[in-house]
Amino acid sequence: MDYSYHNHTWRCGHASGTEQEYIEKAIGGGIRHMGFSEHIPFRFPDGYESSYRAPVESMEGYFQVLRDLRERYRDRLELWIGFEMEYYPEYFDQMLWNARTWGGEYLILGQHFIYHDEHPESAGAPRPMDPAENLKEYVSCVISAMESGWFSYVAHPDVYRFAGDEKIYGREIRRLCEASRRLEIPLEINFLGIRDHRHYPNLDFWRIVGEEKSPVTFGMDAHDVSSAYDAASLEKALGMVKRYGLNYIGRPRLRPLGKTFYSA
Ligand SMILES: [Zn+2]
Ligand SMILES: [Zn+2]
């Protein structure tokens, strides 16, 4: 594995270490194509900012530090500076504009919430009671994000928890897989999920991905130095590729964001 496009920094408040330490660790493991994909800052119209995101004020430093490191390591590493971002239909244009204006070079989709439930007031807002309707909403958000053409891949596509009817689960996940295949946007096996024994990777999900032959890639999702190259999770992910006959494509093709008129 010579690529790693899912890495965070201390700016999101739940990661540790310096960018340079991540880079050194990654190069030591054989990474030659790397990207940082910090949780993109977002200020809701009422001023609310979630604590799991990097603060808006940290963007200057984020780009400054990583551009300097890109120069310093240019002979050993191709370095991209991007973001992990949700797809919220009503805020997408604003978030994309921010990403490009700050200087973001690529996006990965991390759909941690639907109905922008990260906002404390949104969480109490009316929504369907039926879990299947909420699963459908999750899948529809992921598909809309893929169809927008701005996202290079889908991080932990199996992050959504669903305990309902497995037929409905299968039908919805196949819908997601079909879009990934049609649009050639890879689905990521997330190493943080493996390392931390989270509810993802969800093996029911990956069995379907194998049947649907959607493109698959890997992401370290590093939040500390030691996981900037995670050989143990790599081995497990390769085991999943074999077990489910996954269409593992290796390094994903990044979709550059391009600059806006106001870019730094
Ligand atoms: Zn994180
Ligand atoms: Zn992440």
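Leaving aside its neighbours within four places in sequence, which residues is Leu109 in contact with? They are Met85, Tyr87, Val142, Ala145, Phe151, Val154 and Ala155. Two residues are in contact if their C-beta atoms, placed from the backbone, lie within 7 Å.

This is a predicted model, in which local features need pLDDT of at least 70, side-chain atom pairs count only at pLDDT 80 or more, and totals for chains, interfaces and linings use all residues. Residues are numbered from 1 along each chain as its sequence is written, while chains are lettered from A and ligands numbered from 1 in the order in which they are written.

Leu109 also belongs to the largest nonpolar core, which has 71 residues. A nonpolar core is a set of buried Ala, Val, Leu, Ile, Met, Phe, Trp, Tyr and Cys residues joined through C-beta atoms within 7 Å. A residue is buried if 20 or more other C-beta atoms lie within 10 Å of its own, exposed if 12 or fewer, and partly exposed in between; these C-beta atoms are placed from the backbone. Leu107, Leu109, Val142, Met146, Phe151, Val154 and Val209 touch the most other members of the core. Helix H4 gives the most to this core, with 8 residues. Helices (H or I, at least four residues) and strands (E, at least two) are DSSP runs, numbered from the N terminus.

Now turn to the strands. Two strands pair if DSSP finds at least two bridges between them. Strand E1 (residues 3–4) runs parallel to E2, joined by 2 bridges. Strand E3 (residues 78–85) also pairs with E2 in the parallel sense, over 7 bridges. Met34 of E2 stands opposite Ser4. In E3, the bridge partner of Met34 is Leu79.

E1, helix H1 (residues 19–29) and E2 make a right-handed β-α-β unit. E2, helix H2 (residues 59–72) and E3 make a right-handed β-α-β unit too. A crossover is right-handed if, with the strands pointing away from the viewer, the path from the first strand over the helix to the second runs clockwise.

Next, look at helix H5, residues 166–183. At 1.5 Å a residue, its 18 residues should span 26 Å, and its end C-alpha atoms are 26 Å apart, which agrees. The expected span is 1.5 Å times one less than the number of residues. Which residues of H5 are buried? They are Tyr169, Glu172, Ile173, Leu176, Cys177, Ala179 and Ser180. Seen down the axis of H5, they fall within an arc of 155 degrees, so they line one face of the helix. The arc is that of the directions from the helix axis to the C-beta atoms. The buried residues pack against helices H4 and H7 and strands E5, E6 and E7. Lys167 and Arg182 are exposed on the other side of H5. Glu184 follows the helix, with a positive phi near 55 degrees.

The loops hold some backbone details. His156, in the loop between E5 and H5, is not a glycine, yet its phi is positive, about 25 degrees. His156 counts as buried because it has 28 C-beta neighbours inside 10 Å. Asp221 lies in the loop between E7 and helix H8. Its phi is also positive, about 50 degrees, although Asp221 is not a glycine. With 27 C-beta neighbours inside 10 Å, Asp221 counts as buried. The peptide bond from Tyr200 to Pro201 is cis, with omega near -5 degrees. Pro201 is found in the loop between H6 and H7.
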